[in-house]
Amino acid sequence: MSADGGDVAPTAETPSGAAAAVAVTDATPKRVRPAMMRVFELVERVKAYDPEADEDLVNRAYVYSMKVHGAQTRASGDPYFSHPLEVAGILTGYRLDTATIVTALLHDTVEDTLASIDDIERVFGPEIARLVDGVTKLSRLELQAQSDKAKQAENFRKLLLAMSEDIRVLLVKLADRLHNMRTLGFIPKPEKRQRIARETMEIYAPLAERIGMRRIQEELEDLAFAQLNTDARESIVLRLQALRARGQDVVARIADQIVATLAEEGVTAQVSGREKTPYSIWRKTQTKNVAFEQLSDIMAFRVIVADTAECYRALGVIHSRWPVVPGRFKDYISVQKPNGYRSLHTGIFGPERQRIEIQIRTRDMHDVAESGVAAHWSYKDGRPAAADAKGTYRWLRELLDILEHASNPEEFLEHTKLEMYQDQCFCFTPKGDLIALPRGATPVDFAYAVHSQVGDHCVGAKINGRMMPLRTALANGDQVEIVTSKAQVPSPTWERFVVTGKARARIRRFIRAQQRQQFIDLGRSILQKAFKSEGYEYADKSLEGAVKPLKAEDIEDLIERVGAGQTGEREVLGILFPESRVPPKPPNVVSLRKAKSKDHASSHAQVPIKGLIPGMAIHYAGCCHPLPGDRIVGIVTTGRGVTVHTIDCDTLEQFADQPARWLDVGWDVEDASGEAFVGRVAMVVRNESGSLGALSTVIAKNAGNITNLKIVNRTAEFWEMIIDVEVRDVKHLTNVIAALRATPVINSAERARG
């Protein structure tokens, strides 16, 4: 594969990878060069689980791949063809169908050789060609100007689209990445090894987890961990070796005792034990903030029983025989993980007083736990299992939804990481449907997980029957009922507390759309007034001559750029009417009045200030908190639209030498009455019982609403504080201040400007 995927692009002169593996019991990664598999060995592996496999197809793919890769070599000096052969070998371990094995043999031919997709289709048929095309990164389409991050994001976007069509694409891709990680030690540049390892940890290991391929996930994580944090891994490996030396055959003894205990109660089970990987141990010590010795699941034992009822019987026997570690029981049978994983987990102080984890499951559950989605293409007793995993997983559909709403590949990658990396918490709808969310998710995340439209129109939430704030973090087992309203739209403030990629992508998409429309409305009004002040008649079509000179895409884009402050209205006039040569001057007055006409092209259109969401095209300055009734002025800020200040605000001195950025604005007194604005009051209050109650009562009786309160100084006698109050206009704030001054416990109250 190309350098962006973790390999050096193979040529006869430039090697591309290596053959090496990291044993989890070694303190440091070692490079090993095993003998290359031969074609008859690969065929034997496939025929062992699928006697009806197309042997001729596998042979032809082997010969074709070896021929087109020719003299290409890897960093180890091995023929490059050894890489696709090893990828195919990894996939035979999951008993995958012939089409997937053939795809593995051919997966690099289109990108790294002269072969084309048409050649693959002609020789191997449309299914193989489609799978090979899905695995191929299409790096030739990437622009040289793109950053490494942009390339990574674009590659991942393409991979997601391909695997949404057929998830076998992802199986081949994961096996490809696994072999590349096993051979990473031969890449000479440490910084490149670190980049590939980080990409593996951030993208490919979570994808393996999401489709239930635990063995690949754990090996990818540990191989990446060896590169990214060598010292920590070495420390854990040495501790594991010390435990092994002290315990000798402790794992076998504990397994035998569990089997005997279950047999006494009539439960027949197979029990096996294993150590956790160094990375999983290290991650537990970090997330739980505990020492190595305190971990209860360094050793994990799997108990395989006949059916689901036996799982719960075995659990009862184990809990009655050994003390339970509090908080360690998890039932993934009744509430399965999104990747289909089902099992009972419990922690006990088990035989020989060892703290151990026990996982109880049936044989079918175990197959899914080990192979995940690959189990749906595996062959049992010479017959393929039902390929019901071809349907898109829920999480995959959600990633596709994020892809649709993200503005660029980098944003998509950011949202996808949010979607994949966090631990799960499980909540329920009022009807009992299960919704899996990341830890820390809120009712807004829940609403978007139910449906995008539910999220867009969410106004409140009942958690376990009680109305709770939308920013409340949900807990496992919560029942959540979303309250919606057709009048509600996504709030920009939601982005501060949502944690799922889907919710964040939808909110950002809405903000972008609203912001663009408001920039257009504002820019149109600014241009209308500029035209009028110079004696010209305005129409959108009259701007056509300025589109190309100002490098805008079209007329609407030009208007938007004026509203966003990226292009000045004087620049537009100077291009359209060069004979006027109007010098920059303190610009025209724009009335901040709600538009009376829906026809925005009309010369009478105004800026609909009441319809604008603060923080988009219009910003109210926090330094002076302007209110309707104040004399105000706007300052045009590039990319942000207009910031409204009071005319006497000290901040305006910074813009005294930039007259082109000034925009005189005025309130619409008639239409301002229904909107709440924030006024700031500075006051001195006596430090005595009931003072805060008195001032809040006065504000409430005068139809004000306290939105923020800050005590800036306190003494034994007095408190100095700043209060933000929602009011309609200056007159309303003046009435509130007058009422406060008349209250005995309040020594002084003044409007604050800062």
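Biologist: Which share of the contacts in the protein with a separation of 6 or more comes from residues 24 or more positions apart?

Modeller: Contact means heavy atoms within 4.5 Å. Of the contacts with a separation of 6 or more in this protein, 68% are between residues 24 or more positions apart. Keep in mind that this is a predicted model, where local features need pLDDT of at least 70, side-chain atom pairs count only at pLDDT 80 or more, and totals for chains, interfaces and linings use all residues. Residues are numbered from 1 along each chain as its sequence is written, and side-chain values use heavy atoms, with hydrogens and water left out.

Biologist: Thanks! What percentage of the 754 residues is buried?

Modeller: Buried means under 20% relative accessible area, exposed means over 50%, and partly exposed is in between (1.4 Å probe, protein chains only). Here, buried residues make up 52% of the 754.

Biologist: And how many helices and strands are there?

Modeller: Both are DSSP runs numbered from the N terminus: helices are H or I with at least four residues, and strands are E with at least two. The protein has 26 helices and 21 strands.

Biologist: What is the angle between H21 and H23?

Modeller: The axes of H21 and H23 (residues 555-563) cross at roughly 85° and come within 7 Å. H21 is therefore roughly perpendicular to H23. Residues of H21 including Phe519, Ile520 and Arg524 meet residues of H23, among them Glu556 and Ile559.

Biologist: Is phenylalanine 531 buried or exposed?

Modeller: Phenylalanine 531 lies in H21 (residues 501-533) and counts as buried, at 0% relative accessibility. Leaving aside neighbours within four places in sequence, its contacts include Tyr536, Ser542 and Leu573. Leucine 573 is 42 residues away along the chain, yet the two C-alpha atoms are separated by 7.6 Å.

Biologist: What about a strand residue such as threonine 362?

Modeller: Threonine 362 lies in strand E5 (residues 355-362) and is buried too, at 8% relative accessibility. Beyond neighbours within four places in sequence, threonine 362 is in contact with residues including Ile304, Asp307 and Cys311.

Biologist: Last one: how should I read a positive phi?

Modeller: Most residues other than glycine have a negative phi. Lysine 551 has a positive one, near 60°. Lysine 551 lies in the loop between H22 (544-547) and H23 and is exposed, with a relative accessible area of 74%. Histidine 625 has a positive phi of about 45°, and lies in the loop between strands E14 (618-620) and E15 (632-637). Histidine 625 is buried, with a relative accessible area of 12%.

How values were computed. Axes fitted to C-alpha atoms, helices over the stretch in contact; angles between N-to-C directions. Parallel < 35°, antiparallel > 145°, perpendicular 65-115°, else oblique.
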